[in-house]
Amino acid sequence: MNTADLRKILDEHKIWIESFGENGSRANLCGANLRDANLRDANLSGADLCGADLRDADLRGANLCGADLCSADLPDHTFVIMGHKYPITITNGEYVRAGCQNHTVAEWRKYSKQEIADMNGRSALRFYPELLDIIDFYLGKGERPNWLKEPSEET
């Protein structure tokens, strides 16, 4: 697939997302060869990527929430994790998207309590330790901010 064709599909998909499916068209990239494609900042939410070749694709910053990745060849250390409060995507073992927040693994491991609260209040504060557990499971145990060791203020 050439860059111009991909751009057209992604532009139509963006319209589809923004219009809640009323206009544009859902990206159908089923079986597409997207190897080495630059998909940074691409919103592939809900796209059909079944069987697509995404090896060596740059997915940093890409939104894969709800995308059909059945049988897709993903870059090493890329995971889409379902069943949690926020949809979680780990790309290239470097970036983690939880909900609409996309940051490096190192950034997630160092956020202050206030920075996490600013993302989505108490809900984010409750979810944050679980997110770090998920990162640890997929990418290996890492550091955690000291404030997580403090007693909770909730009763």
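**Entry 1: burial and overall make-up**

I began with burial: buried residues make up 38% of the 155 residues in the chain. For this I took buried as under 20% relative accessible area, exposed as over 50%, and partly exposed as in between, with a 1.4 Å probe and protein chains only. The model is a predicted one, in which local features need pLDDT of at least 70 and side-chain atom pairs count only at pLDDT 80 or more, while totals for chains, interfaces and linings use all residues. Residues are numbered from 1 along each chain as its sequence is written, and side-chain values use heavy atoms, with hydrogens and water left out.

I then looked up the extent of the C-alpha trace, which spans about 55 × 35 × 20 Å along its principal axes. Of the contacts with a separation of 6 or more, 31% join residues 24 or more positions apart; contact means heavy atoms within 4.5 Å.

The chain holds 3 helices and 4 strands. I took both as DSSP runs numbered from the N terminus, helices being H or I of at least four residues and strands being E of at least two. From the N terminus on, the order of elements is α-β-β-β-β-α-α.

Leu6, Leu10 and His13 are the buried residues of H1. They cover an arc of only 60° around the axis and therefore lie on the same side of H1, the arc being that of the directions from the helix axis to the C-beta atoms. An α-helix has 3.6 residues a turn, so residues three or four places apart point the same way. The face of H1 turned away from the buried side carries the exposed residues Ala4, Lys8 and Glu18.

Phenylalanine 20 counts as exposed because its relative accessibility is 77%. Histidine 77 lies in the loop between H1 and S1 as well, and its phi is near 60°, again a positive value in a residue other than glycine. Histidine 77 is partly exposed, with a relative accessible area of 48%.

**Entry 2: the sheet**

I traced an open sheet of 4 strands in the order S1-S2-S3-S4, with antiparallel pairing. Two strands pair if DSSP finds at least two bridges between them. S1 (79–81) and S4 (101–104) stand at the edges with a single partner strand each, so one side of each is left without a neighbour in the sheet. The twist averages 15° from one strand to the next.

I went through the pairs in turn. S1 and S2 run antiparallel and are joined by 3 bridges, with valine 80 opposite threonine 89 in S2. Their hairpin has 6 residues between the strands, and glycine 83 there takes a positive phi near 90°. S2 and S3 pair over 4 bridges, and the bridge partner of threonine 91 is tyrosine 95 in S3. The S2–S3 hairpin has 3 residues between its strands, and asparagine 92 in the turn has a positive phi of about 55°. S3 (residues 95–98) and S4 pair over 4 bridges, where tyrosine 95 stands opposite threonine 104 in S4.

Which residues of S2 are buried on its two faces? Ile88 and Ile90 are buried on one side, and Thr89 and Thr91 on the other.

**Entry 3: helix H3**

H3 (residues 113–139) packs on the sheet and touches S1, S2 (88–91), S3 and S4. The direction of H3 makes about 45° with that of S2; axes are lines fitted to C-alpha atoms, for helices over the stretch in contact, and angles run from 0 to 180 degrees between N-to-C directions.

The buried residues of H3 include Ile116, Phe127, Tyr128, Leu131 and Asp136. They belong to a buried set that packs against S1, S2, S3 and helix H2 (105–110). Glycine 140 follows H3 and has a positive phi near 105°.
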